[in-house]
Amino acid sequence: MASQENATQSISADEIALYDRQIRLWGVKAQEKLRSANILLITIKALANEVAKNLVLAGIGGLTILDHETVTEEDLGAQFFVREEHVGQNRAQAASAEIRAMNPRVQLRVNTENVRTKQPDYFSQFDIVIATELDFSTYTTINASCRLANRPFYAAGLHGFYGYVFSDLISHDFVIERSKSNVPSQTQETPTRSVLNINTKVESDKVIEMVTKREVYSPLILANTSPLPEDFTRLPRRRRQVTPLLTCLRALWEFQKLPGNHTPLPTLSSRQDLETFTKLARDRHHELKLDISTLDSTFLRTFLENLGSELSPVAAFVGGSLAQDVINVLSAREQPLQNLLLFDGDKSVAPVYPLHPFFPPEVENAMPAVTPAAVNAIPVHPGPAAANNNNNAATDLTQ
């Protein structure tokens, strides 16, 4: 990473005293890595408030907050860095004073420009880029720029009771500690995770293994069209456990990509939006090889009712999870997020799905018969009963 490649002075005694509790958790070396990190945080709303709070208090080196929008009355509901007197001011500037006061040691920069005007090389100056509350096209553009610069990228957002975090770390090495096992370690643990090296040390007469692993990632544009791993779809019980939030999020991103669509979020007051979104959701559900019975009109309507809203408890959980993963990545300790976390506050569940362009065996065997245009799609045509259920769901939602 850019700033971590430069030589920095060792952490001071004052900083050791200030960050004593967390140094006890992850060690001085990890704290020094945090201290030299330069992070970009885009769109300073409720979710970014939580991310900024956690990263600043952890003692990162520098934080740039980028937002061209102004504070509105709606922002006062779940955002704790702005107050009523900030309405009409730039959102990043309004939040900067409170963020800076939380930890003056962190170098805070404010950028009030539109992220969509930034050239790809702008993102190369940061160690990690965190984009929040943006549309799919903007996410993928920033993601591509980060890949060109070899910079880790996160995309995250809130929709009322629901939230998501996507990570593209490109290729990330990390170390975990574990008790030595008599079972030989596998070189390839998962399709994306491999073991690079194992060292041992003795602590209190126990042999501890220091295992260096590597995770490889896919960009959002590929992950969004990738199938679920077979472990999630092989058994009917596992298919039913997959949250329909995954389907709805994909349908939302597809909705945002529709030509001539000038509204980033579908609305319940528009019958055309409801019909379009229902069809997109149904198609995405089939592509994921999920049972249509798990995607009903009640969940679709609830998801649409939550679009664009912010809830403080959801922001706290999603923002805290994102910030903790960033800390783990910077310190190169612990297993990082791989690669999509979805939070359903209504059910209090937060499953993680590894989405990559890997195909189940039956699809892989059929690949010679598939045309290039369908490489990223796994169409599953419903039977007559499922087709009737689909039509009923669409009808119920638009009534």
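Trainee: Ser348 first. Is it buried or exposed?
Mentor: Ser348 counts as exposed because its relative accessibility is 60%. Buried means under 20% relative accessible area, exposed over 50%, and partly exposed in between, with a 1.4 Å probe and protein chains only.

Trainee: Before I go on, what kind of model is this?
Mentor: This is a predicted model, where local features need pLDDT of at least 70 and side-chain atom pairs count only at pLDDT 80 or more, while totals for chains, interfaces and linings use all residues. Residues are numbered from 1 along each chain as its sequence is written, and side-chain values use heavy atoms, with hydrogens and water left out.

Trainee: Back to Ser348. Where is it, and what is its phi?
Mentor: Ser348 sits in the loop between E10 and E11. Its phi is positive, near 55 degrees, and Ser348 is not a glycine. Most residues other than glycine have a negative phi. The E labels are strands (E, at least two residues) and the H labels are helices (H or I, at least four), taken as DSSP runs and numbered from the N terminus.

Trainee: What does Val349 contact in that loop?
Mentor: Val349 lies between strand E10 (340-344) and strand E11 (352-353). Apart from neighbours within four places in sequence, Val349 is in contact with Leu342, Phe343 and Asp344; contact means heavy atoms within 4.5 Å. Val349 is partly exposed, at a relative accessible area of 36%.

Trainee: Which residues does the cis peptide bond join?
Mentor: Gln338 and Asn339, with omega at about -15 degrees. Most peptide bonds are trans. Asn339 belongs to the loop between helix H12 (312-331) and E10.

Trainee: Change of topic: helices. At what angle do H10 and H11 cross?
Mentor: Helix H10 (residues 271-287) and helix H11 (residues 297-306) cross at roughly 120 degrees, and their axes come within 11 Å. Axes are lines fitted to C-alpha atoms, for helices over the stretch in contact, and angles run from 0 to 180 degrees between N-to-C directions. H10 and H11 are therefore oblique to each other; under 35 degrees counts as roughly parallel, over 145 as roughly antiparallel, 65 to 115 as roughly perpendicular and the rest as oblique. Leu274, Phe277, Thr278 and Ala281 of H10 make the contact with Leu300, Phe303 and Leu304 of H11.

Trainee: How does H9 pack against H11?
Mentor: Helix H9 (residues 244-257) and H11 pack at about 55 degrees, with axes 11 Å apart, so H9 and H11 are oblique too. From H9, Pro244, Leu245, Cys248, Leu249 and Leu252 take part; from H11, Phe299, Leu300 and Phe303.

Trainee: Which residues of H11 are buried?
Mentor: Ser297, Phe299, Leu300, Phe303, Leu304 and Asn306. Just after H11, Gly308 takes a positive phi of about 80 degrees.

Trainee: How many helices and strands in the protein?
Mentor: 14 helices and 11 strands. Buried residues make up 49% of the 399 residues. Of the contacts between residues at least 6 apart in sequence, 69% join residues at least 24 apart.

Trainee: Last one: where is the pLDDT under 50?
Mentor: The protein averages a pLDDT of 86, and 86% of the residues score at least 70; pLDDT is the predictor's confidence in each residue, from 0 to 100. Residues 1-8 are below 50, and this stretch has 19 contacts in the model beyond near neighbours in sequence. Residues 359-396 also stay under 50, with 33 contacts beyond four places in sequence.
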